[in-house]
Each structure stands twice: as structure tokens, then as C-alpha cells.
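This briefing covers strand pairing and nonpolar packing in one model. Please look over the sequence and structure first.

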Amino acid sequence: MVTNRTELLKIKLCVMAEVSYYTKEGLEKLKEELQYLKTTARQNISKAIAEARDKGDLSENAEYDAAKEAQGLHEAKISQMQEVVANARLLDESKLDMSKVLALSKVKIKNTKNGVVMSYQLVSESEADLKSGKISVSSPIAKGLLGKKVGETTEITVPAGKIEFEILEISR
């Protein structure tokens with residue numbers, strides 16, 4: 001539990017300084033979402049507040065209280081996303097070292113126990129989408145693959161236990 005203001009500021013500074021790496025597509029998507037939150041979504045909340053205010057006595061107006069609370073949460077989300085965008089770094093895929101697994105690498109791996117071959121791209125947490133083969137660089141599998149080269153095997157601890165994978169291919 002945070003016990004004083006100094007501790008709270010330290011925590012906030014740690015969160016604020018976190019740098020994330022994005023593909024061009026991922027960063028554009030993030031900026032579009034932020035723009036939507038700052039324009040359309042913000043206007044919708046303002047309308048909801050105005051409608052609730054028109055219903056009379058604000059001291060007993062639950063709709064007004066709920067709309068104001070939604071506004072506060074919305075502004076906090078905007079602030080958080082602005083911080084993420086400010087600390088976002090764009091990775092130039094053409095300059096990636098293809099000799100080892102890095103963020104944005106596309107990697108083909110084989111489960112050495114059952115022979116199943118899988119392909120993943122290692123992306124930022126906000127871009128992760130397992131259905132399209134994109135996993136977060138902070139996931140257990142990605143962490144186990146980072147820095148490995150083609151032909152190497154790595155044992156990765158996942159929720160189901162330990163699995164050994166062989167790196168078959170690394171690409172952009």
C-alpha cells in the first residue's frame with residue numbers, strides 16, 4: 001500500500017518512463033484510438049452530462065453523478081494513452097538484426113516433444129493478437145525466444161509446464 005506522496009510520485013515516474021516499441025501500423029492504430037477518445041468519445045460524455053443536468057436537482061441526480069464519474073475515468077484513460085504515445089518508439093523493421101530473435105521478429109518454432117510447428121511475430125503488448133500470430137514480447141514464450149538464433153533450442157516455462165522449442169526460422 002502507498003503510504004505517502006513521495007512513494008506515489010516514485011511509482012508514477014516509474015510508470016511514466018516505460019518505453020514501448022511499436023510497428024508503424026501499431027503506433028498509427030494507437031494514435032487513432034487516442035484521437036477518437038479526445039474527440040467523439042469526449043463529446044458523447046459531455047452530451048450525457050448535459051442531458052443529466054437538464055433533469056433537475058443535481059444533489060439527487062444519480063445519472064449526473066454517473067456521467068461525471070465516467071468523464072473522470074475517460075480523462076484518466078486519455079492521459080494514460082497520451083503517456084504511452086509519448087513514450088512509444090517506432091522500430092524500423094528494415095534495420096533489425098535477423099540473426100537472432102528480437103522485438104518485431106517473425107519466428108517459426110517447433111515443439112521438440114510433439115513436432116508441432118508454430119509461427120509468431122513478437123510485438124508490443126498493445127499490438128498482441130494471438131489469432132493473427134502476434135504475441136507480446138513480455139509473454140513467457142517471447143521472453144524465452146528473445147536473443148536466440150536459428151537452430152538453437154530453448155526451454156520455456158508456460159502455464160502448462162516446461163516446453164522445449166527449436167528455432168527454425170527468423171524473418172521480418
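Leaving aside neighbours within four places in sequence, which residues is L145 in contact with? They are V101, V107, I109, T154, I156 and I167, where contact means heavy atoms within 4.5 Å. This is a predicted model in which local features need pLDDT of at least 70 and side-chain atom pairs count only at pLDDT 80 or more, while totals for chains, interfaces and linings use all residues. Residues are numbered from 1 along each chain as its sequence is written, and side-chain values use heavy atoms, with hydrogens and water left out.

**Sheet**
- An open sheet of 5 strands has the order β5-β4-β3-β7-β6, with mixed pairing; strands are DSSP runs (E, at least two residues) numbered from the N terminus, and two of them pair if DSSP finds at least two bridges between them.
- β5 and β6 are the edge strands, each pairing on one side only.

**Strand pairs**
- Strands β3 (residues 106-111) and β4 (residues 117-123) run antiparallel and are joined by 5 bridges; I109 has M118 in β4 as its bridge partner.
- The hairpin of β3 and β4 has 5 residues between the strands, and G115 in the turn has a positive phi of about 80°.
- β4 pairs with β5 (residues 134-136) in the parallel sense over 3 bridges; Q121 stands opposite K134, and V123 has S136 as its bridge partner.

**Nonpolar cores**
- The largest nonpolar core has 14 residues, and V107, I109, I141 and L145 have the most contacts inside it.
- Two or more residues of this core come from each of β3, β4, α4 (140-145), β6 (153-158) and β7 (161-171).
- A second, separate core of 10 residues includes L30, A41, V85 and A88.
- A nonpolar core is a set of buried Ala, Val, Leu, Ile, Met, Phe, Trp, Tyr and Cys residues joined through side-chain atoms within 4.5 Å; buried means under 20% relative accessible area (1.4 Å probe, protein chains only).

Terms used: Helix = DSSP H or I, 4+ residues; strand = E, 2+ residues; numbered from the N terminus. Buried < 20%, exposed > 50% of the residue type's maximum accessible area, 1.4 Å probe, protein only.
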